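Please look through the sequence and the model below, and keep both in view while reading the report that follows.

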Amino acid sequence: MLYDAYEVQRSLLAGASRLAGLGAGWMGNPANWMSYSSMGPVVASALDVFAHASAPRGKPEFGLFTTVVDKKVIAVREEILLRKPFGQLKHFAREGVTGDPKLLIVAPMSGHYATLLRGTVERLLPKHDIYITDWRDAKQVPLTDGNFDLDDYIDYLIEFIELIGERDGGKRPNVLAVCQPAVPALAATALMAADKNPHRPKTLTLMGGPIDTRKAPTAVNTLATQRTHAWFQQNVIATVPMIYPGAGRKVYPGFLQLAGFMTMNLGSHMISHWEMFKHLVEGDEEGAESTRDFYDEYRSVCDMDAAYYLQTVDVVFQRHLLPKGEMMHRERPVDVTAIHDTALLAIEGERDDISGLGQTKAALEIATRLPDAKKRYFMAKDVGHYGIFNGRKWRENIAPVVEKWIAAND
């Protein structure tokens with residue numbers, strides 16, 4: 001019923017959004033005498049903001065067609081190297097450029113598409129051969145393809161890493177995980193190290209990830225510990241409606257995840273829309289466009305398979321099994337101490353309200369066999385969660401740290 005009610009609301013808002021968009025266009029049309037009145041721009045701007053806020057959104061495009069390498073503009077082509085039911089391995093092939101470190105960026109499966117990391121990819125593309133995990137919206141996956149849980153996530157990562165390594169004549173690739181996938185990325189690295197897998201990561205960068213959520217718990221962590229496993233099953237899991245290919249699948253809907261994030265920072269989101277409204281009234285289209293672009297991405301959400309979501313809540317946020325040395329992968333212990341030659345970089349934001357300070361740094365503490373020379377910690381001052389991997393501070397302060405770490409250890 002929850003998902004059905006959402007779909008009804010979404011359909012109604014889609015119609016209202018279109019009408020508001022038409023109204024905004026008419027109120028701002030020079031042929032309309034009202035556009036010259038004092039209230040014309042105000043009404044047009046208000047309708048524009050509403051139309052944008054209520055518009056339906058699908059999966060965004062990366063849209064990275066060029067990059068600059070050694071002051072030369074280089075064409076970039078997206079290619080899919082491996083397709084699996086719940087995700088695919090995407091490669092950003094740079095025409096005529098070879099020899100740079102291979103880097104797999106592990107995107108979060110947390111309600112947003114991999115395009116949330118567009119800025120991450122764009123900044124690192126000039127000096128790296130970039131691959132990314134392009135996760136699929138669970139409501140688009142037929143039930144015949146089975147379920148997807150945390151164990152499957154780890155399996156996918158190992159398979160992706162091996163494929164990248166094989167493409168480079170056996171050279172070990174680099175891995176960068178942003179937010180939630182820090183846990184499966186660290187687990188996959190540990191398992192590959194224990195197996196002496198020749199393609200195990202050369203470097204692993206963890207950014208704002210919940211390795212040990214007992215440290216500096218945030219509102220997200222507190223919610224997970226204050227509710228039972230049964231509560232999450234009964235209150236946030238929904239069934240995909242018949243209108244989608246994944247009809248009948250149990251999922252954690254993306255719209256619930258978005259509602260949670262919006263509620264956590266409701267004041268700042270309201271201010272952002274107010275600023276957008278003022279930009280439009282003043283005719284500052286460029287200022288308004290930056291807000292539009294952010295929310296176009298932020299509001300583009302996808303569903304997660306219920307098995308994955310519930311297992312993550314249990315293993316990562318409620319029982320803290322990885323830092324306690326008790327995590328299992330298909331009845332096999334995940335031993336982080338097996339990591340002995342993968343250079344490990346942990347990055348945190350000083351103002352991160354999703355993964356608190358110390359949660360990512362914990363990876364360095366539990367990787368006890370790894371020499372100190374292969375460990376590094378970087379705390380980005382005055383940076384929140386999204387600023388770790390996007391925006392000016394990411395481009396100017398954080399990305400250079402990542403680049404130097406990979407270059408020094410590749």
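Strand E8 and strand E9 (residues 250-252) pair in the antiparallel sense over two bridges, where helices (H or I, at least four residues) and strands (E, at least two) are DSSP runs numbered from the N terminus, and two strands count as paired if DSSP finds at least two bridges between them. Within this pairing, Thr239 has Lys250 of E9 as its bridge partner. The two strands belong to an open sheet of three strands, whose order is E8-E9-E10 and whose pairing is antiparallel. Strand E8 (238-239) and strand E10 (304-305) stand at the edges with a single partner strand each, so one side of each is left without a neighbour in the sheet.

The model described here is a predicted one, in which local features need pLDDT of at least 70 and side-chain atom pairs count only at pLDDT 80 or more, while totals for chains, interfaces and linings use all residues. Residues are numbered from 1 along each chain as its sequence is written, and side-chain values use heavy atoms, with hydrogens and water left out.

**The loop between E8 and E9**

Gly246 has its place in the loop between E8 and E9. Is Gly246 buried or exposed? With a relative accessible area of 0%, Gly246 is buried, a word that stands for under 20% relative accessible area, whereas exposed stands for over 50% and partly exposed for what lies in between (1.4 Å probe, protein chains only). Leaving aside neighbours within four places in sequence, Gly246 is in contact with Lys139, Gln140, Val141, Pro142 and Val240, contact being defined as heavy atoms within 4.5 Å. The C-alpha atoms of Gly246 and Val141 are separated by 4.7 Å, although these residues are 105 residues apart along the chain.

**The nine-stranded sheet**

Another open sheet has nine strands in the order E1-E2-E3-E5-E4-E6-E7-E13-E14, and its pairing is mixed. Its edge strands are strand E1 (66-69) and E14, each of which pairs on one side only. On average, and with direction ignored, neighbouring strands of this sheet are turned by 25° against each other. Strand E13 (residues 343-349) and E14 run parallel and are joined by six bridges, and the bridge partner of Gly349 in E14 is Ala380.

Helices also lie against this sheet. H5 packs on the sheet, touching strand E6 (174-178) and strand E7 (203-207), and the direction of H5 makes about 160° with that of E7; here axes are lines fitted to C-alpha atoms, for helices over the stretch in contact, and angles run from 0 to 180 degrees between N-to-C directions. H13 lies across strand E4 (102-106), E6, E7, E13 and E14, and runs at about 170° to E13.

**Helices packed together**

Two packed helices are described by the angle between their axes and the distance between the axes. Helix H4 (residues 150-167) and helix H5 (residues 182-194) pack at an angle of about 60°, with their axes 9 Å apart. H4 and H5 are therefore oblique to each other, since angles under 35 degrees count as roughly parallel, over 145 as roughly antiparallel, 65 to 115 as roughly perpendicular and the rest as oblique. From H4, the residues that make the contact include Leu150, Tyr153, Ile154 and Leu157, and from H5 they include Pro184, Ala185, Ala188 and Leu191.

Helix H11 (residues 306-318) is mostly covered, as 11 of its 13 residues are buried. Among these buried residues are Tyr308, Tyr309, Leu310 and Phe317. What covers the buried residues of H11 includes H4, H5, helix H6 (219-226), helix H7 (229-235), E9 and E10.

Most residues other than glycine have a negative phi.

**The protein as a whole**

The protein holds 13 helices and 14 strands, and buried residues make up 53% of its 410 residues. Among contacts between residues at least 6 apart in sequence, 77% join residues at least 24 apart.
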